[in-house]
Amino acid sequence: KIDIFSFRTGFISQLIGCCKDRCASIIKNLNLDVFQQKILFVPYKSGEHKSLFVVIGLKNLLKHNGKVGIGNQPGIYHFESCPCHEYFHKEHICDVASRICDLMNTLWRNECGGELDKIMNPFSARLLPLWQPRSE
């Protein structure tokens, strides 16, 4: 069984340009349960800049009924295509990661049938942190 999914490059741009519920319905039409995936690859392109967001630990969160701190921690990793692209604004990267968190919360509520509250919204900057590894 494959536990890895890669979105197409334009997905994040589509997410930024429309409401979360629309993107959730697009994922539903793909028959994709993101919470059964160990890794989600989310390529991103803004102008000529290319980078990659990688979401991990979602499957673990579902396995433990939304409790964090058990097993592999969920997180979002952001990788630059080239170390020379340090100019890409941190606030823009944080905005994209925030939109990914919003989408995960929408999908989580759809999956669990819950109402809007902090218990049913496990994905935040604190509980789904953004990591930006740097190396040469």
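Two strands count as paired if DSSP finds at least two bridges between them. Strands (E, at least two residues) and helices (H or I, at least four) are DSSP runs, numbered from the N terminus. Before you click, note that this is a predicted model, where local features need pLDDT of at least 70, side-chain atom pairs count only at pLDDT 80 or more, and totals for chains, interfaces and linings use all residues. Residues are numbered from 1 along each chain as its sequence is written, and side-chain values use heavy atoms, with hydrogens and water left out.

**Stop one: the sheet.** Select residues 49-56 and 75-80: these are strands S3 and S4, which pair in the antiparallel sense over six bridges. Zoom in on serine 51, and look across to its bridge partner in S4, glutamate 80. Now widen the view to the open sheet, where five strands run in the order S1-S2-S3-S4-S5 with mixed pairing. S1 and strand S5 (130-131) are the edge strands, each pairing on one side only.

**Stop two: the core.** A nonpolar core here is a set of buried Ala, Val, Leu, Ile, Met, Phe, Trp, Tyr and Cys residues joined through side-chain atoms within 4.5 Å. Buried means under 20% relative accessible area, exposed means over 50%, and partly exposed is in between (1.4 Å probe, protein chains only). Which residues touch the most other members of the largest core? Pick Val34, Leu103 and Met104, out of 28 residues in that core. Helix H1 (11-17), H2, S2, S3 and H4 each give two or more residues to this core, and H4 gives the most, with nine. Stay on valine 34: leaving aside neighbours within four places in sequence, valine 34 is in contact (heavy atoms within 4.5 Å) with Phe7, Ile27, Leu40, Leu58, Met104 and Leu107.

**Stop three: the salt bridges.** A salt bridge is a side-chain nitrogen of Lys or Arg within 4 Å of a carboxyl oxygen of Asp or Glu, and by this rule there are two. Show aspartate 3 and lysine 38, whose closest N and O atoms are 4.0 Å apart. Aspartate 3 lies in the segment before strand S1 (4-6) and lysine 38 in the loop between helix H2 (20-29) and strand S2 (39-46), so this pair ties together parts 35 residues apart in sequence. Aspartate 3 is buried, at 11% relative accessible area.

Last, select aspartate 95 and arginine 99, which meet at 3.7 Å, N to O. Both sit in helix H4 (residues 90-112), four residues apart, about one turn of the helix. Aspartate 95 is partly exposed at 31%, and arginine 99 is partly exposed at 29%.
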